[in-house]
Amino acid sequence: GLTCIYNLMGTRMTTLLARKALLPDGWTDNVRLTLDGGRISTVESGVDCGDDEALGYLMPGLCNAHSHAFQRALAGHTEQRSPAGRDNFWSWRERMYELAGRVSAEALTAIARQAYCEMLRSGYTSVAEFHYLHRDPTDSDATDTMFEAIATAARDSGIRLTYVPVHYERAGFEDPEPTSRQATFAMTVDEFLRHVERVSSKSDDTLTIGIGAHSLRAVSRDSLERIAEVAATGIPMHLHIAEQQREVKQCFTSYGRRPVRWLLENFDVRDNWSLVHATHMDDEEIVALANSGAVAVLCPSTEANLGDGLFPLHRYLTAGGRIAIGSDSHISINPFEELRWLEYGQRLVSQSRNIASLRESHVGSELFSRVHEGGALASGQSAVGIETGAPADFVVLNDEDPMLAGHNDDSRLDALVFSGYPFPVERVMVDGKWCVVDAAHVDRDRARTEFAATLETLGSLS
Ligand code: ZN
């Protein structure tokens, strides 16, 4: 199944054979792909797949549309009740800031590399890194080394990166200065835009540059306007919005509008915008956001872990809204678990089943195709399916895994989303290169060793 030849130009041409592949029209038998470097050059179906070398089930990888890679170090460390017994998002944030204040560029490289290897292993092939830690707390002279850390980690792991530099400048709607903890990473908008300009020249085949604002509370209207001006060129534009009720109330008090409504009334929000969480919306906001064409980036495992609330999925999808998923705080790194919890939250509150099945009858297939499309927009990728010209970013499932036994083309993705944790991901390719082989990341040992050593030097996080 894996033949390698060279074309006249000297580029590497690779052929892949798969017993089944998930093409834009659905699962297709006996598919042969020719890759020209990191891109698909031909797709043929019904070919002779007789040899044992053929791959099992080949499918596109998913985009992890919202990541704070450094928070991978905190996973599992904030699950004990505090003496006051009033733990919520805001008390978690204090713990997270404590970590942020200790993460050097070197530590960030190791933590992000581990997180990205885990993403690849679970079937994500690209990540939108929502990055606002622009300063190394251990080196005040360094410039852009925190960006370099993220870029290095992505390159080492092989994951396709959309770097989203994010602006953070103030403590709240009525609080124009950052807190002392926020001051370690906050910037002026001029400093921030210069950073964006410097990193923009670094984009390449596997690195896309976007732009973002942390939230309406952390960025003033004037600064957001300047950031939106850069985003008007069409690059991915991300921001957190309406994650917590407190933020919704403060926004209403200061701006006289709920966050999503205020944003949509004051900015030209369109399909290159990603609104992360958008948990708390009224009915008008749900319809208006859906109509804008923007992507709602949902992070069900983190939203559950932080006690954010439940996104109004059914009403939003009915209104035609777009979605993507992200693993955000990395309390869990598994795209199929995100989709499972996205659907399960809705079932639990509505006391009914099969909610996210508006376009097709199978929930697993519909969720997969929706977040596949939304993730492409959120990460600024134009073509992402298995088709000519698209990037060679795939996941291969083991077709002998018991999870998939007895399933047909209609129910295979239902099995993958709903029927358990030990996912049958056997191989993962990004940009024409295998990053996962035999169900393990090719650089797993180094990533693990350096991650463990880094946690050792960071000291106690619990
Ligand atoms: Zn976030």
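Entry 1: I began with the contacts of histidine 277, leaving out residues up to four places away in sequence: His240, Ile241, Glu243, Val297, Leu298, Cys299, Glu303, Asp308, Phe311 and Asp328. Contact here means heavy atoms within 4.5 Å. Histidine 277 belongs to strand β12, residues 273–277. Strands are DSSP runs of E with at least two residues, helices are runs of H or I with at least four, and both are numbered from the N terminus. Its relative accessible area is 0%, so I noted histidine 277 as buried. Buried means under 20% relative accessible area, exposed means over 50%, and partly exposed is in between, with a 1.4 Å probe and protein chains only.

**Ground rules.** I am working with a predicted model, in which local features need pLDDT of at least 70 and side-chain atom pairs count only at pLDDT 80 or more, while totals for chains, interfaces and linings use all residues. Residues are numbered from 1 along each chain as its sequence is written, and side-chain values use heavy atoms, with hydrogens and water left out.

**Entry 2: the zinc ion.** Which residues coordinate the zinc ion? I found His66, His68 and His240, each through NE2, at 2.0 to 2.2 Å. Their spacing in sequence reads H-x1-H-x171-H. Histidine 68 sits in the loop between β6 (62–67) and α1 (89–100), and histidine 240 is in strand β11 (residues 237–241), so this pair ties together parts 172 residues apart in sequence. Histidine 68 is buried at 3% relative accessible area, and histidine 240 is buried at 7%. A note to myself: donors are N, O and S atoms within 2.8 Å of the metal (3.2 Å for Na, K and Ca), and water is not among the atoms, so sites may look incomplete.

**Entry 3: helix α11.** I followed α11 over residues 335–350: it has 16 residues and spans 23 Å from first C-alpha to last, close to the 22 Å expected at 1.5 Å a residue. The expected span is 1.5 Å times one less than the number of residues. Among the buried residues of α11 are Pro335, Phe336, Leu339 and Leu342. Just after the helix, glutamine 351 has a positive phi of about 50°.

**Entry 4: rings.** How many aromatic pairs does a search of the whole structure find? The search gives 15. One is tryptophan 341 with tyrosine 344, edge-to-face, at 5.8 Å centre to centre and 90° between the planes. For the record, rings of Phe, Tyr and Trp (its six-membered ring) pair if their centres lie within 6.5 Å; planes under 30 degrees apart count as stacked, over 60 as edge-to-face and the rest as tilted. Both residues lie in α11, three residues apart, about one turn of the helix. Tryptophan 341 is partly exposed at 40%, and tyrosine 344 is partly exposed at 27%. I also noted a cluster, linked by ring pairs, of Phe173, Tyr255, Trp262, Phe267 and Trp273.

**Entry 5: arginines.** Arginine 412 lies over the face of tyrosine 57, 4.3 Å from the ring centre. Arginine 427 has its charged end over the ring of tryptophan 434, 4.8 Å from the centre. I count a charge as over a ring if NZ of Lys or CZ of Arg is within 6 Å of the ring centre and within 35 degrees of the ring normal. Arginine 198, in helix α4 (residues 189–200), has a side-chain polar contact of 2.6 Å with aspartate 144. A polar contact is a pair of N or O atoms within 3.5 Å; within protein, one must be able to donate a hydrogen and the other to accept it, and residues adjacent in sequence count only if both atoms are side-chain atoms. Arginine 198 and aspartate 144 are 54 residues apart in sequence and 8.7 Å apart from C-alpha to C-alpha.

**Entry 6: positive phi.** Alanine 242 has a positive phi of about 50° although it is not a glycine. I placed alanine 242 in the loop between β11 and α6, buried at 0% relative accessible area. Asparagine 354, also not a glycine, has a positive phi of about 55°, and is partly exposed at 37%.
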